[in-house]
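Here's a quick briefing to read with the model open. Take a look at the sequence and the fold first, then work through the notes below.

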Protein chains: 2
Amino acid sequence: VDGERKGEFELIARIAERLRAGSEKDDRVALGIGDDAAVTVPEGASVLSVDAVVDGVHFRRETAPLRSVGWKALAATLSDLAAMGASARHALVVLGVPPDLDLDGCLELYDGLAAAASETGTTLLGGDVTRAPALFVTVTAFGELASPGDAVRRGGARAGDVLAVTGELGGAAAGLLLLERPDAGGSLASETAGALRERHLEPHPRLEAGKALARAGATAMIDLSDGLGADCVHLAAASGVRAEIDLGRVPVQDGVSDLASIAGLDVLDLVAGGGEDYELLAALPAERVDEAGPAVGRSGAALTVIGELSAGEGVELRDATGGLRQVAGFDHLASGPGSAGSARSE
Amino acid sequence: VDGERKGEFELIARIAERLRAGSEKDDRVALGIGDDAAVTVPEGASVLSVDAVVDGVHFRRETAPLRSVGWKALAATLSDLAAMGASARHALVVLGVPPDLDLDGCLELYDGLAAAASETGTTLLGGDVTRAPALFVTVTAFGELASPGDAVRRGGARAGDVLAVTGELGGAAAGLLLLERPDAGGSLASETAGALRERHLEPHPRLEAGKALARAGATAMIDLSDGLGADCVHLAAASGVRAEIDLGRVPVQDGVSDLASIAGLDVLDLVAGGGEDYELLAALPAERVDEAGPAVGRSGAALTVIGELSAGEGVELRDATGGLRQVAGFDHLASGPGSAGSARSE
């Protein structure tokens, strides 16, 4: 116990050391790590989101490096801010540490959190460290909007709007497949396979694209955490409209189709059924697409129109031949490790 | 799995139903449960804190009713806001649900959260629900100060200040003893024993007392989560002063001394060593005590001077005979269920 205790205090001290510099550089942080609570100076409206990842539910330590567990925990939470069109500001982290995770392992996880924070301009304010039977991480993210009315909600889409998606899909599901079944890649080039695994392990929340879409008049937005089909169901239901998606138009990450062929899978299951690509699905008036495309492009992602909204309800996915694919609601509890085993309630 | 899944969706729906009314009544909430993130309209400075409780570390389901697990998770986090002199505003909750916790159990836990939220004027904004191997709850609390400079930190105390404590101590440790060893109470009156158990299970964060102390010029403040001795060590170290506490002056909750006698324990171990009373320990200039006392009194708690600060370092606890008791830092990792098995890093 003595050694364990020393380790716990050393962990807190080492985390505090790393976080202090970040807080001191951030003039919105009046008080960072080291007191009963942190104090910040918000502007405009605050955008608040929390996400949890648990070993054996959202990832497996056997296949997910600890650095990626930290990175992804923050990235997934920030992706919710991106879907509101908000800027990321601060985050608080709870780390549940199981008996077999040592100091170096905890710091490796924190390095991933810190790297994702640095990439996104997010200041880590501290949090809580506790013993736990299994590794878990919860991240609370604090974002900002100039005014509360600027929030792009799920429910603002209108019949006649088009549906557009940022970036390319299917990579995270393909990467998970390669992590869980390393032999599934067969003849896939190792660089391609590496990029797919990285897509699963260290996703990039589309914060700049989200802001660009908000400015370009997006009427509704959601981040693709559960998968294109399931998340489109959420958006369509919240907006009270019917969605039709032409899967033939959905941009697919390099290597996903090859992997599907090699592994004997339907590529559309990876593209529309797999979650965690953390791209944005947005509804916007057709006449704003010409403005939105280049604006999103400047953030480093393509914007692709993949469908449209009409009066009615439900979601229709059509493949390249025009054939219909039914979409069931995403199965939160039956989902295995690596897919989103949680149900968001913000 | 199907039934499980239905349960998860029903849980989210039932929680959303309960939380929606609260969000709609709160004009600081622009967007409550049901979207990618919540949107609030902050004023002044934001005060942010997060706390986690884990089954087998901070409580045991065998002895802690689920309602109290929810109540205490929120109360403990709000206690950190109280220690800054802040008002409570909003909270986000992550619930980690083990396989053997059913829908009714989750709702019982949420009832406790909702009751503590209602008592403290806190609006629950939603959060995240996930499967987990063991029950855990993390609460992120959002508080408010008129300006960042109003925060009462741990490190502002000065030599010459007096140390004062709100309310009465020892009740939570005594209550835990009664929960873990029901026979330990012996001839203790059942009402007294019930009050001690309740003190452990459903603590009341001293939000109004914290604000009153801040207005009355408190120079440093900390909430008593780890225990009087350990938390005084934190305050003295952060302030760079030496603390002397006269344990004979510390108000002790009714029944604690009797229980200690019956159980063959030193009452001072319960009063100064036991944690989770969630009272406030404050440093303030001696000349402000006459103002602070009645102000705290109006919040429903007594304020009692129990010691003083001088130049130097360390903490001295003296018992009623003037004898010295050494205080070691609180042992975070050796601590058993019911005491604070986590290390805060805000």
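A disulfide here is a pair of cysteine sulfur atoms within 2.5 Å. By that test, the structure holds zero disulfides over all chains. Keep in mind that this is a predicted model, so local features need pLDDT of at least 70, side-chain atom pairs count only at pLDDT 80 or more, and totals for chains, interfaces and linings use all residues, while side-chain values use heavy atoms, with hydrogens and water left out. Residues are numbered from 1 along each chain as its sequence is written, and chains are lettered from A and ligands numbered from 1 in the order in which they are written.

**Confidence**

- The model comes with ipTM 0.91 and pTM 0.92.
- pLDDT is the predictor's confidence in each residue, from 0 to 100; chain A averages 90, and 92% of its residues score at least 70.
- Residues 328–343 of chain A are where pLDDT stays under 50, and the model has 60 contacts for them beyond four places in sequence (contact means heavy atoms within 4.5 Å).

**The sheet in chain B**

- Helices (H or I, at least four residues) and strands (E, at least two) are DSSP runs, numbered from the N terminus, and two strands pair if DSSP finds at least two bridges between them.
- Chain B has an open sheet of seven strands with mixed pairing, in the order β8-β10-β7-β11-β9-β12-β13.
- β8 (220–223) and β13 (324–325) of chain B sit at the edges with a single partner strand each, so one side of each has no neighbour in the sheet.
- Inside that order, β7 (residues 162–166) and β10 (residues 280–284) of chain B pair antiparallel over four bridges, and B:Val165 has B:Leu281 in β10(B) as its bridge partner.

**Helices across the sheet**

- Axes are lines fitted to C-alpha atoms, for helices over the stretch in contact, with angles from 0 to 180 degrees between N-to-C directions.
- Helix α2 (residues 66–82) of chain B lies across β8 and β10 of chain B, at about 175° to β8(B).
- Helix α6 (residues 207–215) of chain B lies across β7, β8, β10 and β11 (303–310) of chain B, at about 5° to β10(B).

**Buried spots and phi**

- Buried means under 20% relative accessible area, exposed over 50%, partly exposed in between (1.4 Å probe, protein chains only).
- A:Cys106 counts as buried because its relative accessibility is 2%, and B:Cys232 does too, at 1%.
- Most residues other than glycine have a negative phi.
- A:Glu276, not a glycine, has a positive phi of about 70°; A:Glu276 is in the loop between α9 (267–273) and β10 (280–284) of chain A and is buried at 5%.
- B:Glu276 also has a positive phi of about 70°, lies in the loop between α9 (267–273) and β10 of chain B, and is buried at 5%.
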